[in-house]
Amino acid sequence: MPEGDAAGDLSAELLSSPVWTDAQLARAGIPVVDAPFVSIGGGMGSFVMVDLLRISGFPLENIKVLTTSDYPWENYEYLTGVGQLPPGYRIRSDSASTPDNIWGFPSYAVRAAFGARSVRGFIAPIWNVLTENLLTDYWTPLAGQVFQGMSREADRIGYWQTLAKGQARMVRRRAEGGYFSILTVEEGSTRRIAYRSSFVHLAVGYPSVRFLPDLQAYRRRYNDGYRFVNAYEPHEHVYDDLVKQPGTVLVRGGGITASAILHRLFNDRERLGAQTQVLHLMRTHVDSSHGPHVFMRRRGGDGWAYQGFNWPKASWGGQLKVRMEKLGDEERLRMWQTIKGTTTPYRKGWQKQLRKARADGCYRTLAGQIDHVDPGPDGTLATFIRERDSTGTRRIDVNFVIDATGLVGDITEHRVLADLLEYTGAERNGLGRLQVSPTFEVPGARHGDSRLYAAGATTEGSYYAPVDSLLGLQYAALTICDDLARLGFCRRIGPIRSISQWWKWMRNVTP
Amino acid sequence: MTPTLAGRIQSRLFLLFTAGLVWTLLITPLLPAGFAPLTQSYRTTLIALVLVAVLGTVLWEPLYHLLQQFRWEKDWPAILILLQGVPEGWLVYVVMRDVVDLPVGVLPFVIHFATTWLVVFACLHGPLRVPFIRWRFRGGRLI
């Protein structure tokens, strides 16, 4: 049924008006619910925001989280799981990036140490964080440890009570002040509910999973989703098949997901006796350390660019962050270009496994791109590869292609963001994502004393680099909380409140 | 840590004159300083504390910050902060003995300096973030 045809649905008048009145909604028969602070998304961005508001003393009943997720880490758990980093594996995140604890203390490593049952188990994480990125690799938490921590914190702050389940559809300004956020609820029939708020927080995560044109073209032409898969969709059958019979797999990408997939493939060789041959295709084959000058050189080799986390560590809260905030628009964009790029962490275990695989002759890297893919003989895929430094394409027949190149689609692929760009004055930043101010406000959407904020991957390319990280979400939430305090909407968390709230956290007592 | 130069200096000064000072006041009477009067012992340990602050601000922190520029991550691993204590302790000892011209015993100096360094180090890596929730996002700056 087209929108706008039924009572209680979005009327044509509403759909075309950038600013809505209470009367318009009443005429359309859409019920209105008051909630001073609305967060749209319900993932880890919303969770951390609610956590901060609760710590600042904000009442639970004034917050609503509009979401399709049952729990904040649902989507993250799914994506890391299919990307071969299930709960028992170490994610790419710092020990002190603790979405369940704004202080980052005790960090995950300290918690792991005090939860250990042996002296060695106590010392190992402490020694690791003490010497990380010098004598040892970065200490990183298990995905499961992060999820457990958030579960405890969600219970503590009463997060579950804030959830309003449904699909967020749009945010529009309210003529009388504030915003309306429309939630579509499926309860037998489709219903719309308008949440009336002074503040809206958008933390919708990735707009969509990105499928490269060659993958889309192959799927469209041959209707085959079995042999050419994206890393962020379930593809367990690939590993099962390769264990049952020898085969060749082409892995594409140079990031953490490609690393995790290679790790899985070689684990299957070592532990389950798979005879898999792995071809690894990288568009940018990094041969050595690289960067514009001696003070900006990133480590690299064997095709990979190495970096502990998704952005250089000082962009979280060090000199790179400070510089980003101070630079003019053009210089900042240049800075983004310098520090961005696909990278993977240097992990000794992975390096050892790759060295062995190279020596065994079952792992080869290629520099170039896929031109196109056709079905090959005997159920294989014929991949046509444009290699770096050569003209024309080279055909390689493989059993599977796993594409681990990226994740993020254009922001307009998300309905709320697309609507925001069209009707509510939001703009794009230099990287094409949603522009936010240093306080994570969407400047064009400001409406009197009301504010619309955004956090997470959507906002990459503005003032703060690691928005799409656990620590970045904490920074965004803290900054937004401070901005709300300036507006008199909540209390600023000063040293005394911080200490007393931390003590409550330690005792697992409600804020 | 991912400090800025201002953050380095502010964190150093703040911790030396809070946690470091309290620790110094507590440990000084217990140092094996022979028959030296307590006022003399306090004079020695408090001067050592001030020298760590002054030399750190004008000499060491700018040097560390320069070295940090060669690191892509622009971070400063914890172990480096711990090891900094060796050259810094040596320099403070030499300055006290040869420049300030104080009768400073090696053993009491080492005990005082090393334990104070550890206390400050421990506070820097966690506890400081409890009252100062924004500290880690500001490159270690407190003001």
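On a 1 Å grid over the protein atoms alone, a pocket is an open set of points with protein on both sides within 12 Å along at least five of seven lines, whereas a cavity is a set where a 1.4 Å probe fits but cannot get out, and lining residues have an atom within 4 Å of a point. In this predicted model, local features need pLDDT of at least 70 and side-chain atom pairs count only at pLDDT 80 or more, while totals for chains, interfaces and linings use all residues. Side-chain values use heavy atoms, with hydrogens and water left out.

**Second largest pocket**
- The second largest pocket holds about 810 Å³ of space, a volume being the space filled by probe spheres set on grid points that are joined across faces, edges and corners.
- Its lining has 33 residues, and those closest to the centre are A:Val129, B:Ala78, B:Leu124, B:His125 and B:Arg129.
- Two or more lining residues come from each of helix 6 (119–131) and helix 11 (314–317) of chain A and helix 3 (78–99) and helix 4 (106–124) of chain B; helices (H or I, at least four residues) and strands (E, at least two) are DSSP runs numbered from the N terminus.
- Helix 4 of chain B gives the most to this lining, with 4 residues.
- By class, the lining of this pocket has 19 nonpolar, 8 polar and 6 charged residues, where Ala, Val, Leu, Ile, Met, Phe, Trp, Tyr, Cys and Pro count as nonpolar, Asp, Glu, Lys and Arg as charged, and the others, Gly among them, as polar.

**Domains of chain A**
- The assignment for chain A gives domain 1 (29–77 + 146–208 + 410–507), domain 2 (94–140), domain 3 (213–287 + 343–403) and domain 4 (309–339), with bounds from an automatic or database domain assignment.
- Because domain 2 and domain 4 of chain A both give residues to the lining of the second largest pocket, this pocket lies between them.
- The C-alpha centres of domain 2 and domain 3 of chain A lie 33 Å apart.

**Cavities**
- The whole structure contains 5 cavities of 30 Å³ or more, and the largest cavity has a volume of about 230 Å³.
- Of the 17 residues that line the largest cavity, B:Arg12, B:Glu61, B:Ile81, B:Gln84 and B:Leu124 lie nearest its centre.
- Helix 1 (5–27), helix 2 (38–68), helix 3 and helix 4 of chain B each supply at least two residues of that lining, which divides into 11 nonpolar, 3 polar and 3 charged residues.

**Backbone features**
- A cis peptide bond with omega of about 0° joins A:Phe105 and A:Pro106, and A:Pro106 is found in the loop between helix 4 (74–82) and helix 5 (108–114) of chain A.
- A:Asp378 has a positive phi of about 55° although it is not a glycine, and A:Asp378 lies in the loop between strand 15 (363–375) and strand 16 (381–387) of chain A.

Methods:
Residues numbered from 1 in each chain as written. Chains lettered and ligands numbered in written order.
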